[in-house]
Amino acid sequence: MGPALIRARKPFMIKNIVTGIGIASFVIGVYAFTIKAVAQDDFSDVQIPDVPEQPPHTPHTGALKTPPDLAELKRKGVKGT
């Protein structure tokens, strides 16, 4: 930084520091308020339902069927065979 730039910035240095401290204080205040407000949540009056019993799942048997015989399809008159 050259001497001219330092001289030009000198009158604004105190104002910029005060503004920066003000903005930082505001941000810290909002953060602290938010944390305090969230910490006050009390869910002790909310009832948690029991987990319903589910029957055991049976495997999908549709894919286990064997495809029909080609001769059987021709007998039924299915086209494309």
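Reader: What makes the span of helix 1 agree with its 37 residues?

Author: This is a predicted model, in which local features need pLDDT of at least 70, side-chain atom pairs count only at pLDDT 80 or more, and totals for chains, interfaces and linings use all residues. Residues are numbered from 1 along each chain as its sequence is written, and side-chain values use heavy atoms, without hydrogens and water. A helix is a DSSP run of H or I with at least four residues, numbered from the N terminus. The expected span is 1.5 Å times one less than the number of residues, so helix 1 should span 54 Å; its end C-alpha atoms are 52 Å apart, which agrees.

Reader: Why is I21 called exposed?

Author: Exposed means over 50% relative accessible area (1.4 Å probe, protein chains only). I21 has 53% relative accessibility, so I21 counts as exposed. I21 lies in helix 1, residues 3–39.

Reader: How much of the chain is buried?

Author: Buried means under 20% relative accessible area; such residues make up 0% of the 81 residues in the chain.

Terms used: Helices (H or I, at least four residues) and strands (E, at least two) are DSSP runs, numbered from the N terminus.
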